[in-house]
Amino acid sequence: MKSGEYIEPEEPNVYKFEAFIFDAFTRYDDMTILRVKREEEFAPVKNRTGVDSPETATALYNKYYC
């Protein structure tokens with residue numbers, strides 16, 4: 001909106017696009033896959049808040065490395 005006024009939508013009004021690492025497998029002839037412990041190496045950011053959000057990824061990173 002041009003006025004910059006915040007509008008709370010009454011129903012979902014966006015599309016969420018995701019791509020997974022598996023989608024790229026067919027594009028490469030030579031690749032390696034590493035198996036790692038999720039709690040040590042994997043902190044996805046898929047959602048704005050809650051599970052798999054920037055907050056949870058930051059918390060996992062800080063818990064492991066700090």
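1. Asp52 sits in the loop that joins helix 1 to helix 2 (54-65). Helices here are DSSP runs of H or I with at least four residues, numbered from the N terminus. Asp52 is not a glycine, yet its phi is positive, about 55 degrees. Most residues other than glycine have a negative phi.

2. A word on the basis. This is a predicted model, in which local features need pLDDT of at least 70, side-chain atom pairs count only at pLDDT 80 or more, and totals for chains, interfaces and linings use all residues. Residues are numbered from 1 along each chain as its sequence is written, and side-chain values use heavy atoms, with hydrogens and water left out.

3. Lys46 is in the loop between helix 1 and helix 2. Its relative accessible area is 38%, so Lys46 is partly exposed (buried is under 20%, exposed over 50%, partly exposed in between; 1.4 Å probe, protein chains only). Lys46 and Lys16 are 30 residues apart in sequence, and their C-alpha atoms are 9.5 Å apart.

4. Pro54 belongs to helix 2. Pro54 too has a relative accessible area of 38% and is partly exposed. From Pro54 to Asp23, 31 residues apart along the chain, the C-alpha separation is 23 Å.

5. Ile21 lies in the segment before helix 1 (38-41). Ile21 counts as exposed because its relative accessibility is 60%. Together, Phe20, Ile21 and Phe22 make a nonpolar surface patch of about 360 Å². Patch residues have over 30% relative accessible area and no salt bridge, and nonpolar side chains are joined within 5 Å. A salt bridge puts a Lys or Arg side-chain nitrogen within 4 Å of an Asp or Glu carboxyl oxygen.

6. The largest pocket has a volume of about 460 Å³. Of its 17 lining residues, Phe20, Ile21, Phe22, Leu34 and Phe42 are the closest to its centre. The lining divides into twelve nonpolar, one polar and four charged residues. A pocket is an open set of 1 Å grid points where a 1.4 Å probe fits, with protein on both sides within 12 Å along at least five of seven lines; lining residues have an atom within 4 Å of a point.

Conventions: Grid points are joined across faces, edges and corners, and a volume is the space filled by probe spheres set on the points. Ala, Val, Leu, Ile, Met, Phe, Trp, Tyr, Cys and Pro count as nonpolar, Asp, Glu, Lys and Arg as charged, and the others, Gly among them, as polar. Patches are made of residues with over 30% relative accessible area and no salt bridge: like charges are joined within 9 Å, nonpolar side chains (Val, Leu, Ile, Met, Phe, Trp, Tyr) within 5 Å. Accessible areas come from the Shrake-Rupley method with a 1.4 Å probe; for residues, only the protein chains shown count as cover. Helices (H or I, at least four residues) and strands (E, at least two) are DSSP runs, numbered from the N terminus.
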